[in-house]
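Good morning, colleagues. I would ask you to keep the sequence and the model in view while I speak.

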Amino acid sequence: MALAPAITDIELLKDHPALAALLAWSRDGVEAAKFDRDEMTVWVAAKNIHEVCAVLRDNKEFPCNFLEDVTCVDWYPSEPRFEVVYHMLSMAKKERVRIKVKLASGQLTVPSITPVWPSANFPEREVFDLFGIQFEGHPYLRRILMPEDWEGHPLRKDFPVEGYR
Amino acid sequence: MGNLTLAPNIPEPGEDRTMILNMGPQHPSTHGVLRLVLEIDGETVIRVLPDIGFLHTGIEKTCEAKFYQQVVPMTDRIDYLCPMSNNLCYVLASEKLLGLEIPPKAQWVRVLLNELTRINSHLVWLGTHALDMGAMTVFLYCFREREDILRLFEMVSGQRMMTSYFRIGGLALEPPIGFFERVKKFADRFPTNVDEYENLLTNNPIWKGRTKGVAKLSAEDAIALGATGPTLRASGVDFDLRRDMPYSGYENFKFKVPVSQDCDVYARYLCRVQELRESIAIVGQALAGMPEGPVKADAPKVVLPDREKMKTEMEALIYHFKIVTEGFAVPAGEVYQSIESPRGEMAYYIVSDGTAKPYRVHMRTPSYYNLQVLPNMIVGRLLADVVAAIGSIDIVLGEIDR
């Protein structure tokens, strides 16, 4: 089975219910979109993530009622370096959408989505712990997996696999 | 007459009467190394803070330094009670990245072993959960059947717990001769065993007293806090990834999804016991309809060749050498593959940059999210209910800390 090429043209994808909901919210708010391997990815600006989550949760066509996962990818040494990745599931439509936020090395701050989805509590702490991303407005942003006095963020690409000796 | 204190000065209830109680990380009923910091007022829990990370081994980081096929044994170690589910989720994600088609027999064997894993995991849960509440016998019964399942795993993979039996592109080996007959024997007998557990617990007044109406979790809270699996379904949300977003050929199987509206520990118990029965029914269907054919995909650059072929064919030897020494390149992209593990939604998010090593592997583990509901369940309840609540969400700390 050969892989179908990824579709990145927003015009071709605008019928996808999640993307349609976001385009209806704001045409400029959607930075880019990609449909690859049956999965929808939408890039939005960091400052909008709170609003995007609320739009996806509350719209009628594609109600994403469940936050599945929050994680991060480090693209060191290219810029913007980090991508915070949110996976949202619509239990009614049985489909999920991936929202991504790009962060440049200088400004590793993104608004916390815990007010929209309390389930983001632990995973945001994990991303803070392992990548050093600050979540503005998180109620309890402290290290969760690593010891409190740990220095550095282990899942960054410039952190050696065997650790610092 | 000595110093008799007839009016001891005990403070009135109020702010300063609470105390901080440390529970764990070595407490047996926290099912691993979970530490809870509890603020209690007498016997009532006022606040609770789960403290995790004691088992953190950096598996996600280690995966980035391995070839795709070398990650499979790492995934067993995440959750030692359902290694097959983790194997399956990882290989499905990798196959989706590669665009590989898996032969039907491999898919059916995967389903069969996954349901056995579910039974295995639920048996350990039932045994230890009952033991926490003082019911010793159930534990012994459950481990008797679990031993049979572990023997089946040993027969098929050579390992009792860390199976690593699934490979990207199919299975490691054809199941051995006589394996399906032994599974059949087990599947025929197992429903009677479930009756035995139920006889001990389902109508037991002590069990009901400890579990009914305890650690309530409403459907809204369960969704808002990210609970999945039996914890979610016992709160009345009818969602099961096997049925609603089928993977690995689950659309070919007929099964009921147990749901309860009672939202308490007893409801979670009933849901899981019903799942035991449904799982063994799926095992029966898989055995009855087991297709014939190969157990590995026809993709010589990804799947290791047969040993016999390597002795006679030059090509096979070359492919073997290439895969073992330099892995196989995976087209750039990203996938999020979720499955219904015994504890809930298990998912792997894999990012590929086009090389032979995954750029990023992230595991969305069900216990990690299920643990978030714990404070919601136990605040305002008695201290003794904390143990019941922890048992009922069925957490595995290896999976939480990774």
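Predicted model: local features only at pLDDT ≥ 70, side-chain atom pairs only at ≥ 80, totals over all residues.

I begin with Glu43(B), which is located in the loop between β2 (35-41) and β3 (44-51) of chain B. Residues are numbered from 1 along each chain as its sequence is written, and chains are lettered from A and ligands numbered from 1 in the order in which they are written.

Is Glu43(B) buried or exposed? Glu43(B) counts as exposed because there are 10 C-beta neighbours inside 10 Å. The classes are set by the number of other C-beta atoms within 10 Å of a residue's own, with C-beta atoms placed from the backbone: 20 or more for buried, 12 or fewer for exposed, and partly exposed in between.

Which residues does Glu43(B) contact, once its neighbours within four places in sequence are left aside? They are Leu382(B) and Leu383(B), where contact requires C-beta atoms, placed from the backbone, to lie within 7 Å. For Leu382(B), the C-alpha atom is 5.4 Å from that of Glu43(B), although 339 residues separate the two along the chain.

I turn to the hairpin itself. β2(B) and β3(B) run antiparallel and are joined by 7 bridges. Between these strands there are 2 residues, and Gly42(B) takes a positive phi near 65 degrees. Opposite Arg35(B) stands Asp51(B) in β3(B), and Val37(B) has Leu49(B) of β3(B) as its bridge partner.

Two strands are taken to pair if DSSP finds at least two bridges between them. β1(B) and β2(B), also antiparallel, are joined by 5 bridges, and Met23(B) stands opposite Leu36(B) in β2(B).

Next, the domains of chain B. The assignment gives domain 1 (15-51) and domain 2 (59-401), with bounds that come from an automatic or database domain assignment. Over C-alpha atoms, the centres of domain 1 and domain 2 of chain B are separated by 30 Å. Their contact takes 13 residues from domain 1 of chain B and 18 residues from domain 2 of chain B. On the domain 1 side, β3(B) gives the most, with 5 residues. By class, that side has 6 nonpolar, 5 polar and 2 charged residues. Nonpolar covers Ala, Val, Leu, Ile, Met, Phe, Trp, Tyr, Cys and Pro; charged covers Asp, Glu, Lys and Arg; the others, Gly among them, are polar.

A further open sheet of chain B has 3 strands in the order β6-β7-β8, with antiparallel pairing. β6 (333-341) and β8 (360-364) of chain B each have a single partner strand, so one side of each is left without a neighbour in the sheet. Neighbouring strands of this sheet are turned by 15 degrees against each other on average, direction ignored. β7 (residues 344-352) of chain B runs antiparallel to β8(B), and 5 bridges join them; Tyr348(B) stands opposite Met363(B) in β8(B). Across β6 and β7 of chain B lies helix α3 (residues 83-98) of chain B, running at about 150 degrees to β6(B). Axes are lines fitted to C-alpha atoms, for helices over the stretch in contact, and angles run from 0 to 180 degrees between N-to-C directions.

Finally, chain A. Its secondary structure comes to 4 helices and 7 strands. Of its 165 residues, 42% count as buried.

How many residues of chain A are in contact with chain B? There are 29, in contact with 33 residues of chain B. On this side of chain A, β3(A) gives the most, with 6 residues. The residues of that side divide into 17 nonpolar, 5 polar and 7 charged.

Technical notes
Contact = placed C-beta atoms within 7 Å.
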